Amino acid sequence: MSNIILLSFMLLTSTSRATAAFISSSSTHIRLIGSRHNTNRLIMSFQQPDTQYPYTPPAWASPLTNVPKKRLKLAHLPTPIQLIGANRSTRQQKNSSTILSRLKELNIKLYIKRDDATGGVELGGNKLRKLEFLLADALETGCDSVVTIGGEQSNHCRATAAAARMVGLSPNLILRTRRADKIHEKTDELGFEGNILFDRMMGSTIYTCTPGEYGRVGSNKLVQHVCDYIATKDGGKPYAIPVGGSNGVGSWGYIDAADELMNQMESMKQDNTSSDFNLDHVVFATGSGGTAAGISLGLSMAYGSLGPSATDTSCPKLHAVGVCDNPAYFYDTMALIANEMGASLDKTTDQFIREAVTVHNGKGRGYALSTEDELDFILQFSLETGIALDPVYSGKALYHFVKHVVENDVESYRNKNVLFWHTGGALGIYEKGNDLLHKFSEVSPVKRVDVYGLNGVKEIT
């Protein structure tokens, strides 16, 4: 057996780092994650979630000086990149007005970075990358529980609850809901739908607040208030995690993610006939700013377009699609996070952020509120690609980018390579089931098998 393992190791290490980094996360035994700047790490499918590992950032991340000392290994990395619909024939696309047919018409190649696959259903999504650093800090500081905050169907709260239990911490969640008073008065129930089901399966203590209270008091003060309550009432030591896990600790998860993407890019260049293959645009949703800050800083540093010696202009254009608030809020939030990470730049962090990334206002009706066009897009995308987008983040973001950003400036995107960073959250679609119900009879008919008759099948009406 040991000889077999050794042979497997030799075969893997003889494979180019970049090619290995492109292996799908469905590989079940051994995966080799390459780094252009760090020693290769051999990661087995066996993991110890509560083990802290020393953290060494990519060499190109030297402009960031507040480096975490430890991290956990909770996520299934690297997450794969998929090229969508490139080989579909016109015959396979029954409707000429489909999403993929329009992209093909413009010769836009759409790549999907599948961060919805970072973990199982209870963990998957972009939040897990941040939690590897946040929960390592919680353990390092001797905390016994965590407190965080989010919307009623918060992906972040669900992932935090599951990850906290994995490492032996008790989860406390503050959920923002218009039903807070009715739930408290027992005239309504919080229920068990979507993310809330997993929140409760993990034994989370759930606190509620109204959107108005959230806006007036602020998320950070609400988290601190509950932390103080736990410390006073139970004598515990809770660890405060901000909304979305977005701060100068959590965003290191997307500095590492940028390094992961750079290695996958090397593989993609090898797989293409043109050695100068590059991504032209990278698109992602933003709701709390942490993922956007990590990607914007990470890719700018990795491509060498950050700092006094910046000369490289090959960095893709970065697009953050805001699903709430307004662009000014996200520019300010990303600059604040960059400062918390110890960014040492040749310009102000605010100036850098505004030059590095374009923030689009894609909130539509508002946070977690969907238009019929957005839901139609999400359903159509799943029919064409088999990929489920969520209605709060990824679905809203990709809809806005494809239907508004691209269509309002077609020539800037024609013949381009676009990577969309899928941040997960498909459990949020449960809440939209009734809104989609009338569409299902057309796209997903239900038929009764006429076992004893001669007519084969008959439709249910």
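Predicted model: local features only at pLDDT ≥ 70, side-chain atom pairs only at ≥ 80, totals over all residues.
**A friendly note on packing and loops**

1. Residues are numbered from 1 along each chain as its sequence is written, and side-chain values use heavy atoms, with hydrogens and water left out.

2. Back to the first pair. H4 covers residues 127-140 and H5 covers residues 155-166; their axes come within 10 Å and cross at roughly 45° (axes are lines fitted to C-alpha atoms over the stretch in contact, with angles from 0 to 180 degrees between N-to-C directions). H4 and H5 are therefore oblique to each other (under 35 degrees is roughly parallel, over 145 roughly antiparallel, 65 to 115 roughly perpendicular, and the rest oblique).

3. Which residues of H4 and H5 meet? On the H4 side they are Lys127, Leu131 and Leu135, and on the H5 side Asn155, His156, Ala159, Thr160, Ala163 and Ala164. This contact of H4 with H5 holds 5 nonpolar, 3 polar and 1 charged residues (Ala, Val, Leu, Ile, Met, Phe, Trp, Tyr, Cys and Pro are nonpolar; Asp, Glu, Lys and Arg charged; the others, Gly among them, polar).

4. A second pair is worth a look. H11 (residues 290-302) packs against H12 at about 65°, with the axes 9 Å apart. That makes H11 roughly perpendicular to H12, and their crossing is right-handed. H11 brings Gly290, Ala292, Ala293, Ser296 and Leu297 to the contact, and H12 brings Met334, Ile337 and Ala338. By type, the residues of this H11 and H12 contact are 6 nonpolar, 2 polar and no charged.

5. Now the interior. In soluble globular proteins, nonpolar side chains tend to be buried together. Here the largest nonpolar core has 79 residues, and Ile255, Phe284, Leu299, Met334 and Trp421 have the most contacts inside it. Helix H10 (residues 252-271) gives the most to this core, with 9 residues. Apart from this core lies another, of 21 residues, including Leu72, Leu128, Leu135 and Tyr239. (A core is a set of buried Ala, Val, Leu, Ile, Met, Phe, Trp, Tyr and Cys residues joined through side-chain atoms within 4.5 Å; buried means under 20% relative accessible area, exposed over 50%, partly exposed in between, with a 1.4 Å probe and protein chains only.)

6. Leaving aside neighbours within four places in sequence, Phe284 is in contact (heavy atoms within 4.5 Å) with residues including Ala292, Ser296, His319, Val357 and Trp421.

7. Some backbone details deserve a check. The peptide bond from Leu77 to Pro78 is cis, with omega near 0°, and Pro78 is in the loop between strands E4 (70-71) and E5 (81-83). Asp325 is not a glycine, yet has a positive phi of about 55°; its loop joins strand E12 (317-322) and helix H12 (327-340). Ala368, also not a glycine, has a positive phi of about 65°, in the loop between strand E13 (357-361) and helix H14 (372-385).

8. Is Asp325 buried, exposed or partly exposed? Its 34% relative accessibility makes Asp325 partly exposed. Gln351, in helix H13 (residues 349-356), is partly exposed at 37%.

Technical notes:
Helix = DSSP H or I, 4+ residues; strand = E, 2+ residues; numbered from the N terminus. Left-handed = near helix turned anticlockwise from the far one by under 90°.
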